[in-house]
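Student: I have a protein model open and would like to learn how its features get their names. Could we go through it together?

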Amino acid sequence: GRLEAVTQQMGYHPQYLDSFLKTQHYLMHMDGPLPFDCRHYIAIMAAARHQCRYLVNLHVLQFLRAGGDPQWLRGLEFIPPKLRNLNEINKILAHRPWLITKEHIEKLLKISEWSWSLAELVHAVVLLAHCHALASFVFGCGCEQDEGLGGRGSLKPLSLGNQCFCEATAGNGCSQELLRINRKRSLDSCMELDSLRERMQRIHVETEGRDEMRLLQQDQEEGEGQGAEVGVQGGRLSPFADTDGEVTGATNLACYMQDPDFGYQDFARRDEDQTQVFRVQDYSWEDHGFSLVNRLYSDIGHLLDEKFRMVDGLQSSAMAKRQGCEPSVFKRGIWNYIHCMFGIRYDDYDYAEVNQLLERMLKVYIKTVTCYPEKTNSEMFDRFWKQFKHSEKVHVNLLILEARMQAELLYALQAITQYMI
C-alpha cells in the first residue's frame with residue numbers, strides 16, 4: 001500500500017501535488033486529440049531519451065492497460081510511421097530545444113497520410129515536454145534509486161494493485177485520495193496481470209525466431225549483469241518479469257530511440273549571432289504560448305499556467321534566508337539560470353545575480369538534473385545544501401521541472417506559431 005516515489009516526493013508540497021496530478025490526469029486520461037495508447041507510447045519515447053526506466057516502466061504498463069499493441073513495445077521499428085516521425089522533435093526537445101524550427105513542424109503536418117493535425121501535435125509536444133521534465137525530477141529526487149541507497153525514494157517493480165500517480169482522479173483533494181490505496185482493486189488487478197502476461201506470451205510465440213539478436217542487445221550503459229534484473233523467457237528478454245506477481249517493464253530502452261549519442265550541448269551565446277538567443281520579451285508563455293496551446297488543446301493552458309504559478313508561489317523563506325535574499329529573488333535566480341542554459345534570456349534581469357545567489361555545488365546539481373538527468377547520483381543530491389531540509393531540496397527539483405518544461409514549450413510553440421504565420 002506504499003505510495004509510489006514521485007507522489008512521495010511531491011507530497012512534501014501538497015498544493016503543488018494537487019496541481020500536478022490534475023495536469024497529469026488531464027494529459028493522459030481525459031478527452032483530447034490523441035488516442036490513449038498513443039499518449040503513453042509518446043511518454044515512453046520521451047522518458048527513454050533520458051534512460052528513465054522508472055517512467056518507461058510505468059507507461060509500458062499503462063500503454064497495455066489502455067489496449068495498446070504489445071508489438072509496439074519491441075521498438076520504434078514496430079510502431080506506425082506517424083508516431084515514428086515524432087522521434088526527431090522528441091530528440092531535439094529533450095536535449096537542444098533551441099534547434100526546433102518551423103520546418104520541423106511543417107514536416108510533421110504535411111506528410112500525406114501520416115500527417116499530424118495541429119491539435120494532435122500540440123498534445124504531443126506538451127506530453128514530450130512534460131515527460132522530459134518529469135524525468136529530471138525522477139532522477140533529481142532519487143526516485144530511480146533503490147530505497148537502500150539513502151531512502152529518498154525507490155524504484156520497486158510496479159504492482160498493478162497500487163494506484164500510480166498517472167491514474168489519480170482529477171479535482172480537489174486528489175493528494176489526500178492517494179493516501180488511501182484502493183485495496184478493492186487487488187483481485188481485479190491480479191486478473192488483469194494474468195491477462196497481460198498471456199498477451200505478452202502470445203506475442204512472443206507468434207514472433208519466435210524473429211529479430212532474436214536485436215532483442216538481446218542491452219544498453220551500453222547498463223553493463224554486464226543487468227540480465228539478473230529482467231525476466232527471461234525461452235532465452236529471450238521479456239518486457240515483464242514473471243516473478244512475484246510484479247511488473248517491471250521494458251528492458252532495453254535503446255529500442256525506443258534513435259541517435260542515442262545526441263545529447264545536450266552548452267548553449268553558447270555569440271555576440272556576432274544574436275538571432276540564437278530566445279528573448280522572452282519577443283515570445284513569452286503569458287502573452288503568446290498560453291493562448292496558442294489553450295486554443296488548440298482545450299483547457300490544458302489553464303492547467304499548465306496553474307502549475308507554473310503554483311511552483312512560483314511555494315514557500316521558500318528558509319532557503320532564501322540562508323542565502324541572504326528575498327524568496328522571490330532566490331527562486332527567480334534558479335528559474336532564469338535554468339532558462340539561460342537553454343538559450344532563453346530576460347532583458348530585465350542582471351545575470352550577475354546568479355553567481356551571487358547560487359553556490360557552485362548548487363549550480364552543478366541544477367545543470368546536471370536539467371540537462372543530463374541520467375548522470376545524477378545520490379552523492380550529488382546529498383552534497384548540495386547539506387544544511388537544508390529534504391523538502392527544500394524537493395522544492396528546487398520542482399523549480400527545475402517547471403522551468404525546463406516551460407523552456408521546451410516556448411521553443412516548440414514559437415515554431416508552431418511561425419508555421420501558422
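Tutor: Gladly! A contact means heavy atoms within 4.5 Å. With that cut-off, residues 24 or more positions apart account for 74% of the contacts with a separation of 6 or more in this protein. Keep in mind that the model is predicted.

Student: What makes up the protein, in helices and strands?

Tutor: The protein has 19 helices and four strands. Of its 421 residues, 56% are buried. The accessible surface is about 18,100 Å², and 47% of that belongs to carbon and sulfur atoms.

Student: Why is the pair of Trp98 and Tyr264 called edge-to-face?

Tutor: Two values decide it. A pair of aromatic rings is described by the distance of the centres and the angle of the planes. Rings pair if their centres lie within 6.5 Å, and planes over 60 degrees apart count as edge-to-face. The centres of Trp98 and Tyr264 are 5.9 Å apart and the planes are at 85°, so this pair is edge-to-face. The structure holds 15 aromatic pairs.

Student: Which parts of the chain does the pair of Trp98 and Tyr264 link?

Tutor: Trp98 is in the loop between helix 6 and helix 7, while Tyr264 is in the loop between strand 2 and strand 3. These distant parts of the chain are 166 residues apart.

Student: Why are Tyr264 and Tyr372 also called edge-to-face?

Tutor: For Tyr264 and Tyr372 the centres are 6.1 Å apart and the planes are at 70°, so the pair is edge-to-face. Tyr372 lies in the loop between helix 17 and helix 18, so its pairing with Tyr264 ties together parts that are 108 residues apart in sequence. Trp98, Tyr264 and Tyr372 belong to one aromatic cluster, together with Phe267 and Phe342.

Student: How do you know whether Tyr264 is buried or exposed?

Tutor: Buried means under 20% relative accessible area, exposed means over 50%, and partly exposed is in between. Tyr264 has 13%, so it is buried. Tyr372, at 23%, counts as partly exposed.

Student: Why is helix 6 described as largely enclosed?

Tutor: Eight of its nine residues are buried, so helix 6 is largely enclosed by the rest of the structure. The buried residues include Ile89, Ile92 and Leu93. They pack against helix 3, helix 5, helix 7, helix 8 and helix 19.

Student: Which residues have the most contacts inside the largest nonpolar core?

Tutor: They are Met10, Tyr41, Leu86, Ile366 and Leu409, in a core of 116 residues. Helix 19 gives the largest share of this core, 16 residues.

How values were computed. Residues are numbered from 1 along each chain as its sequence is written. This is a predicted model: local features need pLDDT of at least 70, side-chain atom pairs count only at pLDDT 80 or more; totals for chains, interfaces and linings use all residues. Side-chain values use heavy atoms; hydrogens and water are left out. Rings of Phe, Tyr and Trp (its six-membered ring) pair if their centres lie within 6.5 Å; planes under 30 degrees apart count as stacked, over 60 as edge-to-face and the rest as tilted. Helices (H or I, at least four residues) and strands (E, at least two) are DSSP runs, numbered from the N terminus. Buried means under 20% relative accessible area, exposed over 50%, partly exposed in between (1.4 Å probe, protein chains only). A nonpolar core is a set of buried Ala, Val, Leu, Ile, Met, Phe, Trp, Tyr and Cys residues joined through side-chain atoms within 4.5 Å. Accessible areas come from the Shrake-Rupley method with a 1.4 Å probe; for residues, only the protein chains shown count as cover.
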